[in-house]
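Have your viewer ready and follow along, one selection at a time.

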Amino acid sequence: MSAHSMVITAALMTLAGLVAHPALSQAKAPTLDDAAGRYDIDGSSQINFKVGQVGGGGISGKFTKFSGTFQLDRGDIEKSVVEFALFPETVQTGEPRIENFLRSTAVFDTASYPKIVFRSTKITRTGEDTAQIEGNLTAKGTTRTEHFDATLTKWNRRVIGFHIQGGVYRTRYDMSVGIPIYSNIVEFDMMVNGQKH
Amino acid sequence: MLRNGPDTFGWVTILLHWTIAILIAGLLVLGYIMTRPDIDPMLQFDLFQWHKSFGFTALGLCIIRVLWWLASRHPVAVAGLSVREKWASFAVHILILCLTLAVPFTGWALASTSTLDIPSFYFNLVVIPHLPLDKSTVAETLWTTAHAILAYGLAALVLLHAAAALHHHFIRHDAVLVRMLRSRRS
Ligand code: HEM
Ligand code: HEM
C-alpha cells in the first residue's frame, strides 16, 4: 500500500466512521479526526462539462465562478452535506458565440436565473474511497434529484479534494434546445477542492 | 408526356420546376426571417437546422434538374417572342440554374467553415458531412456574405422571371405560363 493510498484509506475510514484499523496506528495517522469539519470549495477546482454531438465531438466547457462547502460529519460520511452553487454567466467554451447562446434564454437564461444550486440530500459510500452523492439540483427555476459519483483524490490536514462525475438530463431543466444534434446528457467532470474552514 | 417535346415541357421538367420553385421561395423567406437580430435564440437555432435540411433538399433536386436540363431537348420558344426576348429568357434561365446550385453550395460551405461546428443533421436522420474546408471566422464570414448576396440575387432574378411569366399570361395572353403548368401531347 503506497503512502498516498494509505492516507486516502485512512481518511475515508475516519470519514466513514470505521473503527481504527490496526494499520492506522502504524501509519502515524495525522490527526485524522481533523477530516471532519467544514471545507470551503476553492478556486483551484475545475468544473468541466461536455455535451456530445451527433457524429462525434461536442461542446466542452467549464464554469469559472462557483462556491460551496463540504460539511463532513465526524464519524459518518453518510451524514455529510455538500452544497454547491455556480454562476452560469461564467461559462467558457472557447467560442464566444456559443457562450452567449448558453447564457441566452435558450439555455441558462442567466439574466433571470443567475445561479445554479446543488444541495446533497443523501451520501452513500460505494467503495474504499468512493461515494455516491444524491441531491437537489436547481437550475432555471426547476429542482430535480440528481446523482454524482465522487472519488476522494486528496486529503490532508487542511485540504480535501474529490473527483466528481455525473450526467444530467438537460430536458429536465427546460434546456432542451438542439436535441438530437446535441446530446440530452450534460456530462460533468469536476475536480472539487475544499479548504478547511 | 414525361419528356420535353419539340414545343412542350414534359412532366419531369414541370414537376421539378414547381417543387424547386416552392422550396427556394420558402428558403429565401426562412433565410431572411431566421437571420433577424432580435429573433428568439432557441427558435433561431431550430430554424437554422430546418433551413439546412430544406436547403440540402433543394441542392439535391437542383442537381437532378440541371442534369435533366442538360440531357433534355429544349422546347422552341413560344411564337411571338422576339429574338431579344428569347435570348434574355435563355440567359436568365441559365443564370437561375447556376444560382440554384451556387446558393446551396455556399450555404453548405458556410456551415462547414463555421467555428460553431454545428453538424448538419438532415431532418434528424443522417449527418451530412462538412465540406473539407478549414474552419475560421474569416472563411465563415466570406461564405456567409457570398451566400446572402447570391441568395438575394437569385430572389431578384426569380421575381423578374415570375413577373415576365405573369406578363406573358395576363397581358400578352400567350402560352408561356400555361406550358409550364401542364404537359400536352405535341
Ligand atoms: C424559385 C423560383 C423559380 C426558379 C428557380 C425557376 C427556374 C426556372 C428555370 C431554370 C426555367 C427554365 C426551365 C427549362 O428551360 O427547362 C424556368 C422556366 C419557367 N418558369 Fe420558372 N422558376 C421559378 C419560379 C417561377 C414562377 C414563380 C413562375 C411563374 C409565375 C415561373 C414560370 C416559369 C415559366 C412559365 C417557365 C417556362 C419558360 C419557357 O417557356 O421557356 N417560374 N424557371
Ligand atoms: C437554394 C437553397 C438556399 C437558399 C435560397 C438560401 C437562402 C438563404 C437566405 C436568404 C439567407 C439569409 C441571408 C441573410 O440575410 O444574411 C440564408 C442564410 C443562411 N443559410 Fe441558406 N439558403 C439555401 C441553402 C442553404 C444550405 C444548403 C445551407 C447549409 C447547409 C444554408 C445555410 C444557411 C445558413 C447557416 C444561413 C445563416 C447565415 C448567417 O447569417 O449566419 N443555406 N440562406
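Across all chains there are nine salt bridges, each a side-chain nitrogen of Lys or Arg within 4 Å of a carboxyl oxygen of Asp or Glu. This is a predicted model, where local features need pLDDT of at least 70, side-chain atom pairs count only at pLDDT 80 or more, and totals for chains, interfaces and linings use all residues. Residues are numbered from 1 along each chain as its sequence is written, chains are lettered from A and ligands numbered from 1 in the order written, and side-chain values use heavy atoms, without hydrogens and water.

Select B:R172 and B:E85: their closest N and O atoms are 2.5 Å apart. B:R172 sits in the loop between α4 and α5, and B:E85 in helix α3, so the pair ties together parts 87 residues apart in sequence. (Helices are DSSP runs of H or I, at least four residues, numbered from the N terminus.)

Next, show A:K79 and A:D76, a salt bridge with 3.9 Å from N to O. A:K79 is exposed at 57% relative accessible area, while A:D76 is partly exposed at 23%. Here buried means under 20%, exposed over 50%, and partly exposed in between (1.4 Å probe, protein chains only).

B:H51 is buried at 13%, and B:H147 is buried at 15%.

Terms used
Helix = DSSP H or I, 4+ residues; strand = E, 2+ residues; numbered from the N terminus.
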